[in-house]
Amino acid sequence: MKNRVIVYGYTSLGSKIAITLKDKDYEVLVVDFDEDNLLKAKKDEFKTYNYTLLNDDELISLGIENKIDSIFCVSKSDKNNLFVTLSVRNLNRNLKIISVSKTKAESKKLLVAGATKVLNPNDLGALKIYRNLTKPLMTKVLDDILFTKSDLNISQIYINKNSIFNQKFLKNIKVHKQFNILLLGIMDKELGDKFIFKTKGINHKIDEGDILVIVGKNNDLQRFRQYVEGTVNGTI
Amino acid sequence: MDFLEKIGVGKTAVTIICLFENDAINLSAVLGARTLDANIKIVTLVNNIEVESKLKLAGANFLINPNQISAMVASEYIGQPVAFDALYGILLNEDISAEVDEIEIVEGMQIIGFDINQIDFDDYNIVLIGVIDTKQNHKFIFNPTNIKYTIKQNDILIVIGYKSSIKELKTNFFNNKFLKVQDEK
């Protein structure tokens with residue numbers, strides 16, 4: 001089944017998000033309260049809903065409680081974005097809520113309201129300019145890994161109880177080299193979801209719930225994932 | 001144009017970054033700067049995607065569309081939040097423990113001519129992501145440890161590690177200390 005996501009606000013940012021997600025094969029529902037934006041979304045062939053999402057009934061009718069994977073709160077109104085973030089979090093504890101803010105104060109509020117991630121377009125743009133001026137070649141390589149559909153990708157593997165890495169030490173894992181895979185590090189549940197870079201001196205013991213972060217070619221990633229999970233068809 | 005000249009465009013300025021939220025102002029600055037200096041590096045913000053081709057035509061080298069970047073980040077994030085946070089965190093230097101950096105192979109480094117696998121990156125607590133081969137039109141070779149790769153001048157190694165480790169490795173490239181211990185046995 002396709003992952004279903006809501007884009008709240010078909011703004012210039014919202015439309016870009018919606019189109020990018022559609023390209024990646026997500027099922028995108030566009031919600032907006034602005035007629036012009038809705039028309040634009042319709043023209044771009046999205047399923048549209050004329051809602052403000054300021055009452056829970058609208059959210060529930062869209063399946064927010066169990067049928068939606070993520071919501072992007074990027075409407076033109078900061079207040080609405082904040083309100084919707086809070087309502088959604090209240091209805092569903094696990095859903096990914098991504099929002100956007102141009103100031104630190106606003107971003108803090110959104111995080112308190114329950115946003116999973118708040119992006120700051122100004123920060124991202126500034127970083128991009130800086131990296132392009134100082135290290136253009138490196139930037140291109142990393143952008144290829146992170147953003148494009150190139151063969152090289154970054155991926156994550158969730159460690160379950162049956163995983164062959166369960167109870168092993170991070171330092172002792174060498175097998176990924178046979179798969180032509182780079183092991184960058186691990187996200188540890190016990191250490192407050194902090195990312196541990198692989199080479200950090202501490203010899204970390206892997207257990208259930210940890211998440212490995214790897215980089216490699218798509219085929220190798222898939223083979224490695226199957227190997228680690230001990231299943232042939234296993235996915236996260 | 002007068003103002004651009006006054007601030008050094010056409011003389012001392014090597015780069016100009018145009019960041020107005022009004023594309024017309026950016027366009028005029030890009031055009032002015034390119035007229036005054038054929039070689040200056042011009043970076044500009046583009047707010048409306050339709051203006052992109054015009055800014056390029058006017059002579060901009062590099063265009064930034066913040067919405068486009070945010071959209072890419074947002075859509076990539078929901079697929080693999082942990083992996084993305086990890087690499088992006090390293091890039092943003094949020095995680096002070098490690099950073100992504102490049103090591104350029106310059107003249108005088110003793111490492112030139114050696115096989116890349118003779119360097120023990122693990123020993124430095126460094127992960128080698130790959131090499132940019134400058135001789136082959138900046139082709140990126142991912143994880144060259146499983147193949148034989150001879151290091152040439154002007155190659156760029158892309159690594160993740162602590163600042164101090166990367167610095168140490170760079171210094172050691174100038175003498176012979178980079179080789180794996182087994183070679184000394």
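Trainee: Buried means under 20% relative accessible area, exposed means over 50%, and partly exposed is in between, with a 1.4 Å probe and protein chains only. Where does Q167(A) fall, buried or partly exposed?

Mentor: Q167(A) is partly exposed, with a relative accessible area of 45%. Before we go on: this is a predicted model, where local features need pLDDT of at least 70, side-chain atom pairs count only at pLDDT 80 or more, and totals for chains, interfaces and linings use all residues. Residues are numbered from 1 along each chain as its sequence is written, chains are lettered from A and ligands numbered from 1 in the order written, and side-chain values use heavy atoms, without hydrogens and water.

Trainee: Got it. What's the phi of Q167(A)?

Mentor: It is near 75°, a positive value in a residue other than glycine. Q167(A) sits in the loop between β7 (152-158) and β8 (182-188) of chain A. Helices (H or I, at least four residues) and strands (E, at least two) are DSSP runs, numbered from the N terminus.

Trainee: And N154(B), where does that lie?

Mentor: In the loop between β6 (139-142) and β7 (156-161) of chain B. Its phi is also positive, about 80°, and N154(B) is not a glycine. N154(B) is partly exposed at 36% relative accessible area.

Trainee: Switching to domains. What does the assignment give for chain A?

Mentor: Domain 1 (4-121) and domain 2 (152-229). The bounds come from an automatic or database domain assignment. The C-alpha centres of the two domains of chain A lie 32 Å apart.

Trainee: What does UniProt list for residues 5-121 of chain A?

Mentor: An unreviewed entry lists "domain: RCK N-terminal" there. UniProt positions follow the numbering used here, feature names are shortened, and annotations may be inferred rather than shown by experiment. Over residues 5-121, chain A is 44% helix and 22% strand. The end C-alpha atoms of that stretch are 21 Å apart.

Trainee: Now packing. Which residues touch the most other members of the largest nonpolar core?

Mentor: I17(A), L21(A), V28(A), F72(A), I154(A), L184(A) and I160(B), out of 61 residues. Domain 1 and domain 2 of chain A both give residues to this core, so it lies between them. A nonpolar core is a set of buried Ala, Val, Leu, Ile, Met, Phe, Trp, Tyr and Cys residues joined through side-chain atoms within 4.5 Å.

Trainee: What is L21(A) in contact with?

Mentor: Skip its neighbours within four places in sequence, and you get V5(A), V7(A), Y26(A), V28(A), F72(A), S75(B) and I78(B). Contact means heavy atoms within 4.5 Å. There is also a second, separate core of 19 residues, including I116(B), I119(B), Y124(B) and I151(B).

Trainee: Aromatics next. How many pairs over all chains?

Mentor: Six. F179(A) and Y227(A) form a tilted one, 5.2 Å centre to centre with 45° between the planes. Rings of Phe, Tyr and Trp (its six-membered ring) pair if their centres lie within 6.5 Å; planes under 30 degrees apart are stacked, over 60 edge-to-face, and the rest tilted.

Trainee: What does that pair tie together?

Mentor: F179(A) lies in the loop between β7 and β8 of chain A and Y227(A) in helix α8 (residues 218-229), so the pair ties together parts 48 residues apart in sequence. F179(A) is buried at 10%, whereas Y227(A) is partly exposed at 37%. Together with F165(A) and F224(A), these two form one aromatic cluster.

Trainee: Over to chain B. How many helices and strands?

Mentor: Six helices and seven strands. From the N terminus on, the order is α-β-α-β-α-β-α-α-β-β-β-β-α. Buried residues make up 50% of its 185 residues. Of the chain B contacts between residues at least 6 apart in sequence, 63% join residues at least 24 apart.

Trainee: Is D115(B) buried or exposed?

Mentor: Buried, at 15% relative accessible area. D115(B) is in the loop between β4 (99-104) and β5 (127-133) of chain B. Not counting residues up to four places away, D115(B) touches K148(B), Y149(B) and T150(B).

Trainee: Last one. Where is F174(B)?

Mentor: In the segment after α6 (163-173) of chain B. F174(B) is partly exposed at 43%. Leaving aside neighbours within four places, F174(B) is in contact with V106(B), E107(B), G108(B), M109(B) and Q110(B). The C-alpha atoms of F174(B) and I112(B) are separated by 9.5 Å, and the two residues are 62 apart along the chain.
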